[in-house]
Amino acid sequence: MTITAIEGLHGVDNEFSSSTSPYVDGDVVNHIRTNPRTITLTYALKTPIEASLSYFNSIVKSKQKAKLVETREDGSKIEIEGIVTVPTYTRLSEQVAIQIQLYCSEPYWKDALTVVADVSTIIDMHYFPYENEAKLLANDGGLAFPERGIPLGELDVNSRKIITNEGDVATGMIVQMVALDTIINPNITRDNYNWIEVKTTMNPNDWIEISTVRGNKYVKSNRKDIGLANIVYSGNDWLQIETGSNEFYGIARDPLNPDQLKNSAIYFSIFYKRKWQ
């Protein structure tokens with residue numbers, strides 16, 4: 001079998017919702033919706049035709065999910081997922097061409113691999129001190145192991161993470177939060193004014209995972225009392241990674257003094273996939 005044509009790989013069809021006024025020229029666009037995409041792959045069969053058809057039908061099944069993967073010039077890969085349909089075809093003709101149609105309800109190509117961004121960063125403190133300052137200056141003496149222990153690292157409580165979305169549209173993300181101490185109301189903020197927050201108390205080793213991906217929003221936790229009812233957010237949608245540069249930082253508060261930040265007691269990570277038309 002040989003691919004002879006592929007249609008619908010790139011470019012999307014948008015649907016506009018608008019309103020008009022008798023006193024204003026044109027109209028006002030209220031909403032833009034991107035329609036699903038259909039990708040059509042056309043194959044030419046090799047002889048013997050019946051053997052090629054049997055092989056095709058043994059692999060390709062209607063109503064199955066499938067992915068197309070495109071390798072870019074820089075070696076990175078993007079993918080799009082859809083549901084397979086097979087239009088009718090003439091079975092015994094030597095000129096037969098078979099088509100596979102992939103109905104993509106999510107019309108965008110995405111990164112094949114998830115991008116990981118640690119909003120909280122760890123300052124490396126892994127070194128072995130000398131027994132005392134004199135021996136350090138003299139480069140003499142063995143290693144010292146203080147009774148209080150040796151710190152291997154600490155959280156940078158003022159860390160901010162710049163995420164650049166090179167895709168064509170905004171994309172959702174998965175935010176993971178892990179508490180290192182007791183904190184309340186963990187919050188992830190973008191560019192100082194867009195945020196999503198969990199109204200709850202987190203104890204050491206508690207974790208929360210929030211998906212802001214449109215069509216797949218959820219809240220998961222090791223605690224059964226944490227769910228969608230605990231979520232509050234700015235604006236009219238859950239936090240997204242907009243196209244271009246985005247600055248993220250995490251916030252947590254002290255349960256004994258809610259006005260006091262306790263950012264060193266929680267670890268934030270963001271996972272996302274960029275989208276292309």
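Buried residues (under 20% relative accessible area with a 1.4 Å probe, protein chains only; exposed is over 50%, partly exposed in between) make up 35% of the 277 residues in the chain. This is a predicted model, in which local features need pLDDT of at least 70 and side-chain atom pairs count only at pLDDT 80 or more, while totals for chains, interfaces and linings use all residues. Residues are numbered from 1 along each chain as its sequence is written, and side-chain values use heavy atoms, with hydrogens and water left out.

**Whole chain**
- The chain has 2 helices and 23 strands, where helices (H or I, at least four residues) and strands (E, at least two) are DSSP runs numbered from the N terminus.
- Of the contacts (heavy atoms within 4.5 Å) with a separation of 6 or more, 67% join residues 24 or more positions apart.

**Aspartate 254**
- Aspartate 254 lies in strand S20, which covers residues 244–254.
- Aspartate 254 is buried yet has no salt bridge (a side-chain nitrogen of Lys or Arg within 4 Å of a carboxyl oxygen of Asp or Glu).
- The nearest side chain of opposite charge is that of lysine 262, 4.6 Å away.
- A polar atom of the aspartate 254 side chain lies 2.9 Å from the backbone nitrogen of leucine 256.
- Apart from neighbours within four places in sequence, aspartate 254 is in contact with Ile184, Gln260 and Lys262.

**Isoleucine 251**
- Isoleucine 251 also lies in strand S20.
- Isoleucine 251 counts as buried because its relative accessible area is 16%.
- The C-alpha atoms of isoleucine 251 and proline 186 are separated by 5.8 Å, although the two are 65 residues apart along the chain.
- Not counting residues up to four places away in sequence, isoleucine 251 touches several residues, including Pro186, Leu261 and Phe268.

Definitions and conventions. Lys, Arg positive; Asp, Glu negative; His and termini not counted. Polar contact = N/O pair within 3.5 Å; in protein donor to acceptor, adjacent residues only side chain to side chain.
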